[in-house]
Amino acid sequence: MSIAPARTATTLDRSELLARYHDVRRTTERLCLPLSVEDHVIQATPDVSPTKWHLAHVTWFFETFLLEPHLEGYTPRHPAYRVLFNSYYNGVGPQFSRPDRGHLSRPTVAEIRAYRAWVDDGMTALLGRGEVPRLAALAPLLELGLNHEQQHQELILTDIKYNLAVNPLHPAYHAVVPPAGTATRRLGWQRYAGGLHPIGYDGDDFAFDNESPRHTVYLRPFRLADRLVTNGEYLEFIDAGGYRTAPLWLSEGWRVVQERGWRAPLYWEEHGGGWQSQTLSGFLPLDPHAPVVHVSYFEADAYARWRGLRLPTEPEWEHAAAGVPVTGHFQERGVFHPLAAAGDADGLAQLFGDAWEWTQSAYAPYPGYRAAPGAIGEYNGKFMVNQLVLRGGSCVSPQSHLRASYRNFFPPDARWQFSGIRLADDA
Ligand SMILES: [Fe+2]
């Protein structure tokens, strides 16, 4: 997050800030409407969090970093929430054990909704009454809080997908049926010249601190597939024995495949010779034209190797994405499942939205990166080890949250995000 420059000082619009705050908060709550109270509470694996924890944690962020230090006379809703809903900020204090979040029936979902309303009242007071110069100084922190809540909107959906998928009843999150693809778009390639190219964020709007400083990288000539890998194509890898062929895999990936018995992406099940997968719309036949998702880095890398190709690096991806409009299939469409690429239109299809695209780049600081001082500096910087970068956003990412320089990151064995594959190669 670029917190330092208060660039909004001259353009501050109090009603715009309030409207944006309430819009993001209401969107989060809308995503929870299809869920029962019981759905809000479960945590089927330590990687995911209960929905009600997400609802409370994003609220805690505003309370801790904006209301407590900056709203005179503000009283925290409950003293224990400081620990219960602190995710990983050592600078704030101790945290309740992450794997045990699903063990808590209290505070209840109703109490957490009341907590949200309490903090919304506080934020309305802060943004409505605060003096303009003070608000201008706080605007970057507010923007961080809103982008943080948008990240958790995506996690609410990916986590509830996992929590519902472990249930043999195959419950659906919602009744929307993803439109089935009718054909697989012919795979084409976009070619890019090598040379020195800038990457990283250097604009006047919000960006996370891990996207800067903007810097120059050297690229060899390369080519990038003009759409994502489909389920049908990935099935060819499975049918060819990809999961049983050690030379295709990184050593650590092969170990994970053996230990966890992987033979297909997460959520895939074979029934009567056909494949089905758990989606947020319930258990559905696999659409061969839609992008493959819920693959780990290890699977994406092995698939690319099997095709005699490779995954893009993040500088390659960002260079290709520079200037491409951030349009595509995002959370706003309300489908929450990736869709087949349309037609044979020119250019890169599905670059933004549909599925996060694994890159082969380690998540590391850009040259000159410095985390912000204090607890807020823990947001990104301390995770820059043992993870890989994903680009482009997914069908559950809010469109306004994405840009070409956006860096997502997960460990190489993570599969519960909407993570997919775009192939690359040397030109
Ligand atoms: Fe968070």
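1. Contact here means heavy atoms within 4.5 Å. By that rule, leucine 164 touches Asp39, Pro171, Ala172 and Tyr173, leaving aside residues up to four places away in sequence.

2. The model is predicted: local features need pLDDT of at least 70, side-chain atom pairs count only at pLDDT 80 or more, and totals for chains, interfaces and linings use all residues. Residues are numbered from 1 along each chain as its sequence is written, and side-chain values use heavy atoms, with hydrogens and water left out.

3. Leucine 164 lies in helix 5, residues 132–165. Helices (H or I, at least four residues) and strands (E, at least two) are DSSP runs numbered from the N terminus. Leucine 164 is buried, at 7% relative accessible area; buried means under 20%, exposed over 50%, and partly exposed in between, with a 1.4 Å probe and protein chains only.

4. The iron ion is coordinated by NE2 of His57, His148 and His152, at 2.2 Å. Donors are N, O and S atoms within 2.8 Å of the metal (3.2 Å for Na, K and Ca); water is not among the atoms, so sites may look incomplete. The donor spacing along the chain is H-x90-H-x3-H.

5. Histidine 148 and histidine 152 both sit in helix 5, four residues apart, about one turn of the helix. Histidine 148 is buried at 3% relative accessible area, and histidine 152 is buried at 9%.

6. Strand 6 (residues 274–279) and strand 7 (residues 282–285) pair in the antiparallel sense over four bridges; pairing requires at least two DSSP bridges between two strands. The two strands form a hairpin with two residues between them. Serine 277 has leucine 284, in strand 7, as its bridge partner.
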